[in-house]
Amino acid sequence: MDSIPANRRFWNQISRAYQHQHDPQIGATPRLWGMYSIPDAHLHALGDVTGKRVLELGCGGGQWSRALAAEGATVVGLDLSEAQLAAAARAMGAARYPLVQGAAELLPFADGSFDLVFCDHGGLRWAPPHLAVPQAARVLRRGGRLVFNATSPWFEACYDEDARRVTNTLHHDYFGLNTIAEDHGAVSYQLTYGDWIKTLRGAGLIIDDLIEPRPDPGTLNGYNETDPPDWAHHWPAEMLWITHKP
Ligand SMILES: C[S@@+](CC[C@H](N)C(=O)[O-])C[C@H]1O[C@@H](n2cnc3c(N)ncnc32)[C@H](O)[C@@H]1O
C-alpha cells in the first residue's frame with residue numbers, strides 16, 4: 001500500500017502530457033493492447049463483452065473502457081489518479097459508464113460483482129501483485145475472468161537505466177526485479193514467471209493462457225526505445241495473462 005501516494009502523485013503530474021502523447025494512438029482504434037498497440041482481434045484475449053459487467057483496473061484515459069461500453073458492456077473504470085479519471089471523463093463517448101477513484105490494492109466493490117476484470121498496463125502493474133491479484137479475484141463472480149497485460153520480466157531485466165532503453169544485454173537480476181523505480185518516486189511491480197503463477201493460483205484463479213504479444217518487425221513502440229528497434233519481435237516485451245475464477 002506504500003506506493004499509493006507516490007503513484008497517485010506521479011500519474012496526476014504526468015496525465016496531461018501522457019494523454020497528449022499517447023491518446024492519438026491508443027484512443028484511435030478500439031481494443032489495442034500494450035506498447036505496440038496490437039489489436040485484440042489478433043490476440044483474442046478479451047472475447048465478447050456484450051451484456052457483461054466489466055471492471056477496468058487502472059483505466060487511465062478510458063480508451064479501453066469507452067470501447068467496451070460502446071460494445072454493450074456495463075463498464076466501471078477505476079483509477080488511482082483524479083487527473084487520469086478527468087481525462088477519461090472528457091473522452092467519454094455516448095455510452096456513459098461510471099468512473100471510480102480507488103486503488104487496485106483495496107477495491108471498493110462487493111465480492112462477485114464482475115464478469116470480467118481486466119487492465120492493460122494498469123493496476124496489476126502499478127500495485128503490489130500480492131494485494132491486487134486477490135482483490136481482483138474477490139470481485140469476480142465464479143466463472144468470471146481476470147485478463148491483464150503488463151511488461152514482461154524479460155523487458156525489465158534488459159532495461160538499461162543509463163541509456164533509458166531496452167537492449168539485448170541483461171542489466172538486472174531476474175530474481176531481484178520486485179519493485180521497479182519509475183520517475184518522480186513512483187513504483188511499478190514485477191514478479192518472476194514462477195511467482196506470477198503462484199500469486200494467481202494462490203488467489204484461487206485458473207490460468208488459461210499466457211499470451212506473449214509479438215509485434216511484427218517495424219511496429220512502433222509508443223513508449224520505450226529498444227535497441228535493436230525490433231527487440232520485441234525477438235523477445236517478449238509483454239505478458240498477457242488469461243485466467244478465470246472456478
Ligand atoms: C499506463 S496507464 C494504463 C491505462 C491505459 N491502459 C493506458 O495504457 O494508458 C496506468 C494507469 O494505472 C493507474 N494506477 C496506478 N496505480 C494504480 C493503483 N494502485 N490502482 C489503480 N490504478 C492505478 C494510473 O493512474 C494510470 O492511469
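This is a predicted model: local features need pLDDT of at least 70, side-chain atom pairs count only at pLDDT 80 or more; totals for chains, interfaces and linings use all residues.
Residues are numbered from 1 along each chain as its sequence is written. Local features need pLDDT of at least 70, side-chain atom pairs count only at pLDDT 80 or more, and totals for chains, interfaces and linings use all residues.

**Whole chain.** Select the protein chain. It has nine helices and 14 strands (DSSP runs numbered from the N terminus: helices H or I of at least four residues, strands E of at least two). Its radius of gyration, taken over C-alpha atoms, is 17 Å, close to the 18 Å of the globule rule for 246 residues, so the chain is as compact as a globular protein of that length. That rule is 2.2 Å times the number of residues to the power 0.38. The C-alpha atoms fill a box of roughly 45 × 40 × 35 Å along the principal axes.

**Asp23.** Go to helix H1, residues 4-26, and pick Asp23. Asp23 counts as partly exposed because it has 16 C-beta neighbours inside 10 Å (buried is 20 or more other C-beta atoms within 10 Å, exposed 12 or fewer, partly exposed in between; C-beta atoms are placed from the backbone).

**The open sheet.** Select strands E8, E9 and E13. They form an open sheet in the order E8-E9-E13, with mixed pairing (two strands pair if DSSP finds at least two bridges between them). The edges are E8 (159-160) and E13 (225-226), each pairing on one side only. E8 and E9 (residues 165-166) run antiparallel over two bridges. Finish on Tyr159: its bridge partner in E9 is Val166.
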